[in-house]
Amino acid sequence: MAAENPMESLQEQATCPICLEYFKDPVTIDCGHNFCRACIRHYWKGSDTAASCLQCRETVQQRNLRPNRQLANMVAIAKRLSLQAAKGAGGERVCGEHRETLKLFCEKDQTPICVVCHLSPTHRAHKVVPIEEAVQEYKGKIRAHLKTLRKEREKLLGLKETGEKKSWKNLQLRQFLEEQERLLLAQLEKLEEVIVKIEKENITKLSEEISCLSKLISELEGKYKKPASEFLQDVRSTLSRCEKGKFHQSVKISPELEKGLHVFSQKTVALMETLREFKDTLPYELETKTGEPLGAHRLANVTLDPDTAHPQLILSEDRKSVRWGDTRQRLPNNPERFDYCFCVLGCEGFTSGRHCWEVEVRGGEFWAVGVARVSVRRKGWISLSPEGGIWAVQRCGGQLRALTSPETPLPLSRVPSRIRVYLDWNRGQVTFINAADEAPIFTFPPGSIPGERIRRWLWVGRGSRLRLCR
C-alpha cells in the first residue's frame with residue numbers, strides 16, 4: 001500500500017517482505033529483490049538448487065546471496081529517524097476523553113484504553129491486558145495468517161499457470177487438426193467448447209481469488225506496520241476475514257468427457273503418423289483426396305508492402321525479406337508509411353477465413369512477428385500491443401515475450417529461428433508456433449482480434465533480418 005509520508009516510505013523500503021520487520025543482515029538475490037538473510041534461507045528451506053523469488057516469482061540460484069551494505073546503512077538511519085519521530089511526538093497516543101496514555105487493551109471491546117477508562121463503569125468489568133502484551137499476541141496471529149495466505153496465493157498462482165498451459169496445448173491441438181483434417185472438426189469443436197469453458201471458469205475464478213488474497217495480504221502488511229493503538233483497531237474483524245476465506249477448487253472434467261478426449265486423442269495420433277509419412281512428398285500445404293488444401297490455409301500473396309516500410313528498413317527485390325539499415329532512405333512520406341517505429345506490413349489483408357504463414361529470423365536480437373489491423377497508426381510512436389492494433393511476439397535482447405498488456409515473458413529454452421503464424425479471422429484468434437519442433441509459443445485467445453481487415457506485421461530492429469515464407 002502507498003506510504004502517506006516520506007518517513008513511512010523510508011520505513012517501508014527498510015522492511016523485509018517476509019518477516020515485516022526492519023532488515024537484519026539484508027541480502028540481494030539474482031532478480032534484485034532484498035530480504036533478511038535468515039528469512040530467505042528459511043523460505044527456501046527444502047530446495048537444493050534453484051528457487052523462486054517471493055515477490056516476482058523469478059527463478060534464482062540460492063547460493064547467490066549478495067550482502068547489501070548500503071541497505072543495511074539505510075535501515076540504521078530509518079531506525080534512528082523513527083525513534084526521533086516517536087520521541088518528538090511523545091511516542092504514544094493518548095485517550096481522547098481523559099488525555100491519558102493508552103496503556104491497556106480491552107479484550108471485550110477490542111480497543112486500546114487508558115487507566116481511567118479501565119476504572120470507569122464502561123470497562124470496569126472487562127478483561128484488560130497491557131497494550132504491548134496485546135500487540136505481541138495479535139502480531140503472532142497476523143504473522144500466522146500472512147504465512148497461510150501467502151502459501152495459498154502461491155498455490156493458486158501455480159494452478160493458474162497450469163491452467164493456462166493446458167489451455168495453450170488444447171488450442172494448439174485444435175488448430176493442428178483444423179489444418180490437417182476437417183472431418184474431425186465437428187468432434188473437436190464439441191469437446192473444445194466444454195473444455196475451454198471449464199478452463200476459462202477456473203482461470204477467471206483463480207484470478208479473482210488471487211486478487212482478493214493480494215488485497216487482504218496488502219491490508220495486513222499495512223496494518224502490521226501501524227502503531228500499537230492503531231494496529232489493534234478492529235483486529236478481531238481483520239482476523240475473522242482471514243479465517244473465513246474459502247478458496248476456489250478447480251472444476252473437474254466429467255468421466256464421459258475424459259473418455260471422449262481419450263478416444264479423440266487416439267484418432268489424432270493415428271492421423272499425425274499418417275501425415276508425417278506424406279509430409280515430405282506433398283507440397284507445403286498438405287492436400288485432401290480431392291486436392292483441396294486442408295484447413296484452407298493456402299496463401300495467395302506472401303510479400304511485403306514497400307509503401308508501408310519505415311525509411312530505415314530495406315526490402316529485398318522479391319519483397320519477401322526485410323532488414324534493418326544503418327541510414328534512413330529518402331522515401332516519400334506517404335500516409336501509409338511508418339515514420340517512427342521500424343515496422344512494415346504485408347501486402348495481403350484478411351477479412352475472413354483461416355490463414356497460415358512462416359517467418360524466418362536471420363540474425364539479430366531485436367524483432368517482432370505478428371499481425372496488425374489495417375487502421376494501425378503509421379505516424380509517430382505507436383503502442384506495440386492489442387490496444388495499439390498489434391498482436392505479436394517480440395524478441396528484445398535475450399528475452400522473448402508476447403506483446404500483451406502488460407507484456408508476457410515467454411519461458412522458452414531457445415529462441416525460434418522460424419515462427420509459424422496461424423490467423424483465424426472468424427474467431428478473432430492468432431497463434432504462434434516454433435516451426436522447428438511444433439512447440440506452441442503463445443496464443444491470443446478467441447475474440448482478441450476485432451472484426452476488421454488484418455495484415456501481416458513485422459518489426460525489425462538493429463542487426464535483424466526477417467523473411468516471409470510459405
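In this predicted model, 5 aromatic pairs are found. A pair of aromatic rings is described by the distance of the centres and the angle of the planes. For Phe105 and Tyr138, the ring centres lie 5.8 Å apart and the planes meet at 70°, so the pair is classed as edge-to-face, given that planes over 60 degrees apart fall under that heading. The two partners come from distant parts of the chain, since Phe105 belongs to strand 6 (residues 104-106) and Tyr138 to helix 5 (residues 131-180), with 33 residues separating them. Phe105 is buried, at 0% relative accessibility, and Tyr138 likewise counts as buried, at 6%.

A second pair is formed by Phe350 and Trp357, whose ring centres are 5.9 Å apart and whose planes are at 15°, so this pair is stacked; the limit for stacking is an angle under 30 degrees. Phe350 has a relative accessibility of 1% and is therefore counted as buried, because the term covers residues under 20%. Trp357 is also buried, with a relative accessible area of 1%.

Strand 17 (residues 418-424) pairs with strand 12 and with strand 18. Strand 12 (residues 354-361) is joined to strand 17 by 7 bridges, and the two run antiparallel; within this pairing, Glu360 stands opposite Arg418 of strand 17. Strand 17 also pairs with strand 18 in the antiparallel sense, over 6 bridges, and here Leu423 is placed opposite Val430 of strand 18. Strands 17 and 18 form a hairpin in which 4 residues lie between the two strands, and Gly428, in the turn, has a positive phi of about 65°.

Strand 18 (residues 429-434) contains Thr431, a residue that is buried, with a relative accessible area of 1%. The side chain of Thr431 makes a polar contact with the side chain of Thr443, at 3.2 Å.

Elsewhere, an open sheet of 3 strands shows antiparallel pairing and the strand order 2-1-5. Strand 2 (34-36) and strand 5 (66-67) stand at the edges of this sheet, each with a single partner strand, so one side of each is left without a neighbour in the sheet. Strand 1 (residues 26-28) pairs with strand 2 in the antiparallel sense over 3 bridges, and Pro26 stands opposite Cys36 of strand 2.

Among the helices, helix 8 (residues 235-243) has Val235, Thr238, Leu239 and Cys242 as its buried residues. When the helix is seen down its axis, these buried residues fall within an arc of 95°, so they line one face of helix 8. An α-helix has 3.6 residues a turn, so residues three or four places apart point the same way.

Taken as a whole, the protein has 9 helices and 21 strands, and 42% of its 470 residues count as buried. Among contacts between residues at least 6 apart in sequence, 63% join residues that are at least 24 apart. The accessible surface of the protein comes to about 25,600 Å², and 52% of that surface belongs to carbon and sulfur atoms.

Conventions: Residues numbered from 1 in each chain as written. Predicted model: local features only at pLDDT ≥ 70, side-chain atom pairs only at ≥ 80, totals over all residues. Heavy atoms only, no water. Buried < 20%, exposed > 50% of the residue type's maximum accessible area, 1.4 Å probe, protein only. Arc of directions from axis to C-beta. Polar contact = N/O pair within 3.5 Å; in protein donor to acceptor, adjacent residues only side chain to side chain. Contact = heavy atoms within 4.5 Å. Areas by Shrake-Rupley, 256 points an atom, 1.4 Å probe, with all protein chains shown as cover. Pairing = 2+ DSSP bridges. Phe/Tyr/Trp six-rings, centres within 6.5 Å; stacked < 30°, edge-to-face > 60°.
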